[in-house]
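I opened a notebook on this structure. The entries below keep the order in which I looked things up.

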Amino acid sequence: MSKERIQDDLEHGPRPSFHRAVPSRSITLAVDGSPIPRRGSSRASRPATWALDASSIPRGTSPPQYTHTDDDDSDVEEGASPDVDDAIPGARASRNNRSRMNERPRRDTSSSFQTSSYGNPSAKIWGLYLNQAEKIDKEHSETWSENTNGVLVFAGLFSATVAAFITILSFPLLQRSPTDTTNLLLNQISQQLAANSNGTTLSTPLIASIPDQSSFTPTASAVRVNVLWFVSLALSTVSALWATLMQQWTRRYVQAAVRPYAPPNRARIRAFFHEGVEKFGLGAAVEMLPAFLHASFLVFYVGLVDFFYPINRVVAHCLLALVIIGLALYVVLSIMPLYYPNSPYQTPLSSFLWFVRASAPLVKDWIHRKGDVMRERRINISLGMRRALEKTAFGLDWKRDARALRWTLISLDGDHELEEEFLNALPGAFKDSTSQYSKGLGKKMHKSINKVTHELLTTCSSNLLPEQIRKQRRAACLGAIWCFPETAKRHCDAILDQWIEITNNSWAPVSLEAWTNAVNSVTDLSPLIAFHAHCVQAIIAAMWCNERWHCPESEASSLLQRQLNVSPVDMRVYLTPKKKDHLQLAVAANLLSNALPLLSQMEAGSDVLHKIELNAIMNVICRGLDVSDAPDDLKNRFVDRAEVMTAYDPVQDVARGFHHRHRAVDLDGEWTKVFKSGHTRAESTMVETESL
């Protein structure tokens, strides 16, 4: 410890650092060199002497006197001095602070790139860049490593096989076989012995009958076979060498991005080498690497056919047929991704064919001087085949999405917790999508969702589950119900039945969750779902007003404000006991004014049935209400009778397939209380079906 550090600690309070000296039975402060004897020192072994340099004492102050007793030394560890901690102000507190700091968990620096500032304000943004780049580089390096490892294994085995064929079968065909010379000499010896036994002599000497090695010429088939097999062996070994180099280049690229520099410099290094990887096509080179092995494989089999052709043509023809079939299959697999982008079958030749096909229109664009189109097409080509195929999958295809979601639901069959999570996340699939997409997805999914929702709602209708779990499951089911017109109608019909008689119908949970989901679904893109959402929220609100169902007034007030689009002040007026009829009239008027435009958006035929349904709900809500003392602001919410007459025009009903002699509904029911003008039935006879 330096003198300046000790002096600073003495001045400001932290515990000074004492240097252990020679063991002694006294504590000596090395100020004047004289020891301070220890009181009651009767032990043979004492803690070490503590030395404090005199230069560390501030000038003008006397050195502190420290005392020590044997009683205080009983629990002291080696190298510690509790009496010094007590004497020096702040020393014990400083010691405790350092202990707590040492107990703090160390920061994990083994994870992704840290975004420490390093004194550079741009380090954070570059740290984010490095985090994202790390994921991409890791994916690429793993893919390239797996590809090259597979090539190395196959190339090693195949090279050994080809080398064995060359050594045993083809290479001996390029030179005269020693066995031929031996057989010729044996034949000559046999003839000589036969001649000697007959008393005659051979006209040709034995030495003259030995053929000259220089006059040997291999057959054309032998030359072709050796050329093909040696080319195959060369391609296989070159692909193995290339795979080794690819692994080395990949490691060099990955290591360059993790150099021990500050994030800005490390990010620039990574960007620099990444541009080189993209510019020189390292990824494309790795993808084309198996092409050498495939070519080597083809060349070997062509040579094998040529080898058997002069020996046995039947075997050669069988091998040739297999080679042709395999080659045709290889070509089909190569072009399949061009016509079926989701095909899992492709070869290294597929990327080349895709590039040729994507580049062909550039010639036409160049002739017609379409610079912008050419620029966009070049950008798409530069992304590569893989990204182009992935981009094709980004489009909204409700048929494919429906199959995927149905498969997910089937795989979760029986697991109510996972099914609940699925239903809870299902409404997100219908958000920010086109009406056609939502409609198509609903047609494929509603039957499966209807079944699962019914099972889960049945479990909520009993008391076997805790209340919190039932509320969560009910909310998830209700959220899924409002995704489909069919399930929304079933839910609406069940809620309407609850007005007549409260039952334990699992599809009609009159609760805050049902009310909230209905309020949230009134803005749905589907007119059928929005229509039933308006009906459900109106029925539940009317049931609360009539005290058929109870919930906290604060919750009901919040939902009614959203439903009626009124201020908190107006809502407090509606909630007074004498104004409950006015609140129910406002609910009915709000339902009618929002439902009429939705009826005009429905398909022909189905709108008539919903007109009847709306009329029945309005009569139920308005039954027994008194409008005599309704204020003007409430009457302004009422719907004009002419607008209702237009929507319920019998001519339109008949034209759309509603074959009845009279109107679909009676315009003089209870719901006329929310009409702006109190016309009677006589005034509603302006259009009768007899005039059709």
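**Ground rules.** I am working with a predicted model, in which local features need pLDDT of at least 70, side-chain atom pairs count only at pLDDT 80 or more, and totals for chains, interfaces and linings use all residues. Residues are numbered from 1 along each chain as its sequence is written, and side-chain values use heavy atoms, with hydrogens and water left out.

**Whole chain.** I looked up the secondary structure and found 26 helices and 2 strands in the protein chain. Helices (H or I, at least four residues) and strands (E, at least two) are DSSP runs, numbered from the N terminus. Of the 692 residues, 37% are buried. I take buried as under 20% relative accessible area, exposed as over 50%, and partly exposed as in between, with a 1.4 Å probe and protein chains only. The chain exposes about 40,400 Å², and carbon and sulfur atoms supply 57% of that area. Accessible areas come from the Shrake-Rupley method with a 1.4 Å probe, and for residues only the protein chains shown count as cover. Among contacts (heavy atoms within 4.5 Å) with a separation of 6 or more, 67% join residues 24 or more positions apart.

**Largest pocket.** On a 1 Å grid over the protein atoms alone, a pocket is an open set of points where a 1.4 Å probe fits, with protein on both sides within 12 Å along at least five of seven lines; lining residues have an atom within 4 Å of a point. Grid points are joined across faces, edges and corners, and a volume is the space filled by probe spheres set on the points. The largest pocket holds about 1,200 Å³ of space. I listed 35 lining residues, with Gly283, Ala284, Glu287, Gly384 and Arg386 nearest the centre. Elements giving two or more residues to this lining include helix H4 (123-170), helix H7 (263-279), helix H10 (348-367) and helix H12 (384-393). H8 supplies the largest share, 7 residues. By class the lining has 17 nonpolar, 11 polar and 7 charged residues. Here Ala, Val, Leu, Ile, Met, Phe, Trp, Tyr, Cys and Pro count as nonpolar, Asp, Glu, Lys and Arg as charged, and the others, Gly among them, as polar.

**Second largest pocket.** I found about 780 Å³ of space here. Its lining has 32 residues, and Cys483, Pro485, Asp524, Ser526 and Ile529 lie nearest the centre. The elements that give two or more residues are helix H15 (435-460), helix H16 (467-481), helix H17 (485-500), helix H18 (512-520) and helix H19 (527-545). H15 gives the most, 6 residues. This lining divides into 12 nonpolar, 13 polar and 7 charged residues.

**Cores.** Which residues touch the most other members of the largest nonpolar core? I found Trp515, Leu592 and Val674, in a core of 89 residues. H19 gives the most to this core, 14 residues. A nonpolar core is a set of buried Ala, Val, Leu, Ile, Met, Phe, Trp, Tyr and Cys residues joined through side-chain atoms within 4.5 Å. Beyond four places away in sequence, Trp515 touches residues including Gln537, Trp549, Leu560 and Gln563. A second, separate core of 12 residues includes Val225, Phe300, Leu319 and Val323.

**Helix H18.** I checked burial along this helix: Glu513, Ala514, Trp515, Asn517, Ala518 and Val519 are buried. Their cover includes H16, H17, H19 and helix H20 (553-564).

**Single residues.** Asn590 sits in helix H22 (residues 580-601). Is Asn590 buried or exposed? I read a relative accessible area of 11%, so Asn590 is buried. Leaving aside neighbours within four places in sequence, Asn590 is in contact with Gln537, Gln563 and Leu564.

Ser343 is in the loop between helix H9 (313-339) and H10. Ser343 counts as buried because its relative accessible area is 13%. Ile324 lies in helix H9 and counts as exposed, at 52% relative accessibility.

I also looked at two backbone angles. Glu547 is not a glycine, yet has a positive phi of about 60°; Glu547 lies in the loop between H19 and H20 and is exposed, at 56%. Asn565, also not a glycine, has a positive phi of about 60°. Asn565 lies in the loop between H20 and helix H21 (568-574) and is exposed, at 69% relative accessibility.
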